[in-house]
There are 2 protein chains.
Amino acid sequence: MEWIDGGVTAATGFYASGVYAGIKKSRKDMAMVFSVVPATVAGAFTTNMVKAAPVRWDISLIEEMKMAQAVVLNSGVANACTGTKGKQNNACMAKAAAEALDISEKLVLTASTGVIGKQLPMDAIASGVKVLAGCLSDTMEAGTLAAESIMTTDTVKKEAAVTILLGGKKVTVGGMSKGSGMIHPNMATMLAVITTDAAISQELLNEAVHEVVSKTFNRISVDRDTSTNDSYMVLANGLAGNEQITKKDASYDEFLKALYAVSESLAKKMAADGEGATKLLEVNVIHAVSEKEAEILAKSVITSNLVKTAVFGNDANWGRILCALGYSGVQFDPEKVDLVITSSYGTLSLVSNGMATDYSEEEATKILSADAVTVTADMKSGEESATAWGCDLTYDYVKINADYRS
Amino acid sequence: MEWIDGGVTAATGFYASGVYAGIKKSRKDMAMVFSVVPATVAGAFTTNMVKAAPVRWDISLIEEMKMAQAVVLNSGVANACTGTKGKQNNACMAKAAAEALDISEKLVLTASTGVIGKQLPMDAIASGVKVLAGCLSDTMEAGTLAAESIMTTDTVKKEAAVTILLGGKKVTVGGMSKGSGMIHPNMATMLAVITTDAAISQELLNEAVHEVVSKTFNRISVDRDTSTNDSYMVLANGLAGNEQITKKDASYDEFLKALYAVSESLAKKMAADGEGATKLLEVNVIHAVSEKEAEILAKSVITSNLVKTAVFGNDANWGRILCALGYSGVQFDPEKVDLVITSSYGTLSLVSNGMATDYSEEEATKILSADAVTVTADMKSGEESATAWGCDLTYDYVKINADYRS
């Protein structure tokens, strides 16, 4: 597997575009991803009872068609809690894209992100879709424009791509995502579109999607708030020419690894770019009884406001980490737990068998001051492990969210 | 039922004291509550797997003795994650109190709050206990001194007391509590000691404790972090002279109401004094299918960082409220939900049947700018309701917790 530059246009036969359509005040706000041939599709979507109109559209379309050829996305307005009119507007957006691309509207997926409760400005959407269709391109720059156009409070665009060899054929998996606040995905994240030229059956693509999402996008949290619009979609158009993957063989494993790598990379970028965040917090729980328990423990630590503020303050307040493990709901012996912190500045053992080691606070503070910090909790009670990703909780998180709409 | 001034010394036969013993830098840090006769006792304690030494001591003592005569409390050091030495220190603290009071150490409950992972300074504790025993008093001022001595990041002391008549006898229920951060009790809150001169069997007192805690202290949250030290203890010494409550009759109901009133008052004071908070947030969920579901929905809203920051910014960002209801895990129809906000500045309907009403943002901002704000979510799907209390998330929460230990 080789990392390459690029995102949704990295794989053969995928085009993209991103424009300013007039939904937001000034930043780019619409994007399109297009495959020259209909692609096998699978997705994972929010588990929130309150599902945005585009989420309902995509779930039903993927269920019915199992194929898609385009995704049209907008930022600025989430089209959630918008009732019947919101559903109609979403269908209109898909239809307008279908007309502009001369394909069936049943091959057009939609995604929206932004303020909840506002209706889409349909004039802007209608003209935006035409411009998007007109400037589709398969260049890396076009993919980047699309990635930029779906940003809301994100401070950086998020792209990732890898290539693998399947039976001698070069297969590419690339993708883009957005998300910075209301990030605590449960089945998927805010918005992510992954494209690949791999040939793979829909059944196996669907399996791969759910396996990968459960270990990547579902293991990040910025603020414990599961959004109404979470959508993760993978389009596989088969243009790489590999023999179609139809069973769980070595090719499937290799494809899964590539999809995992791109998804983990995008998920970590989202956690690191959490609203107001100054650093990425990675929590590894090792030697747990089961992977599920390891995941619950790791997520409990990354979602603790007290851990997150301590990490912001570069304060090795390990009691809060043990406390968060303790209220996770998982049974364990606190007097067996070891805690170690690691960053580019070094590694330090803070806790051994549930009690503080004789560590240097100064050294701990230095390690915690890096851009990315890893906490490893060794439960010493089994063989399973899991990693979760979050970020620190800062003044800027409060600032961004105390007046998001103004 | 009549509200009266006072706290733990309001009921007949209860003495208290609070002193500076040298555990913290300068603020008062030790307190004692004493009943002139052994009292029936019941309690509720943290469900965190990581339980502080005093919590383990109290659980085992209440189980064994069902009676207690004194509670010795300290702030500054939580005596959690302190291993065998922590257990020994806690036993020494109880023993020192027992000697100073000339009672059995098996009648002395303990409670600690403060930094996790540090050992108690036993010299300070030993001399502190002697001073505490020497200056016990049944005045209101002594109760207040005790309430002040258990504060950590609290900005105000928390006391409440009521009187009721049981069979012609005046019965008093009073109490104190502390807690401002790491507040998301699960069975009880940080520290609360309730005293009453009611005569009641231990079995019924225990039932009353669990019924009341589930609807008061377990329905507040400051930061979703369930502490290692949560303790709620009720001592009933019987000196009011009422006929002992031994069954669920009218006297029990009246006593339950009094215990509920004092506990709700203390719990709301804790939520309002949440770290960095500028206001109390009350969430009423009405017409839910069951009380349990109403509670889950209400708690999901009060714990949402996005709701909390919006409330801080006086921003009627109702989409976040619907979103938090939506990811609570409870099944409901989003298109039936109504949302109303209320404060001393008025009442305003924000959402009707899942969509925005034509409300004035200006009026909404004014209502949200009060010291206490209530959100009512009408699920229109049943007859049950529940209330939960929280607070806003502010810059000061981050400030307090980014360098709590420094």
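Buried here means under 20% relative accessible area, exposed means over 50%, and partly exposed is whatever falls in between (1.4 Å probe, protein chains only). This is a predicted model, where local features need pLDDT of at least 70, side-chain atom pairs count only at pLDDT 80 or more, and totals for chains, interfaces and linings use all residues. Residues are numbered from 1 along each chain as its sequence is written, chains are lettered from A and ligands numbered from 1 in the order in which they are written, and side-chain values use heavy atoms, with hydrogens and water left out.

**View 1. B:K158 and B:D273 pair up in a salt bridge.** A salt bridge is a side-chain nitrogen of Lys or Arg within 4 Å of a carboxyl oxygen of Asp or Glu; in this pair the closest N and O atoms are 2.7 Å apart. B:K158 sits in strand β6 (residues 158–166) of chain B, while B:D273 is in the loop between α6 (250–272) and β10 (280–288), so the contact ties together parts that are 115 residues apart in sequence. Helices (H or I, at least four residues) and strands (E, at least two) are DSSP runs, numbered from the N terminus. B:D273 counts as buried, at 7% relative accessibility, and B:K158 does too, at 0%.

**View 2. Over in chain A, A:D154, A:K158 and A:D273 form one network.** What joins these three is a set of salt bridges that share partners.

**View 3. A:K157 and A:E159 meet through their side chains.** The N to O distance of this salt bridge is 2.8 Å. A:K157 is partly exposed, with a relative accessible area of 36%, whereas A:E159 is buried at 8%.

**View 4. B:K157 and B:E159 make a salt bridge in chain B.** Here the N to O distance is 2.8 Å. B:K157 has a relative accessible area of 37% and is partly exposed; B:E159, at 8%, is buried. Over all chains, the salt bridge count comes to 24.

**View 5. Stepping back, chain A has 11 helices and 15 strands.** Along its principal axes, the C-alpha trace of chain A spans about 70 × 55 × 35 Å. Of its 406 residues, 63% count as buried. Contact means heavy atoms within 4.5 Å; among contacts in chain A between residues at least 6 apart in sequence, 80% join residues at least 24 apart.
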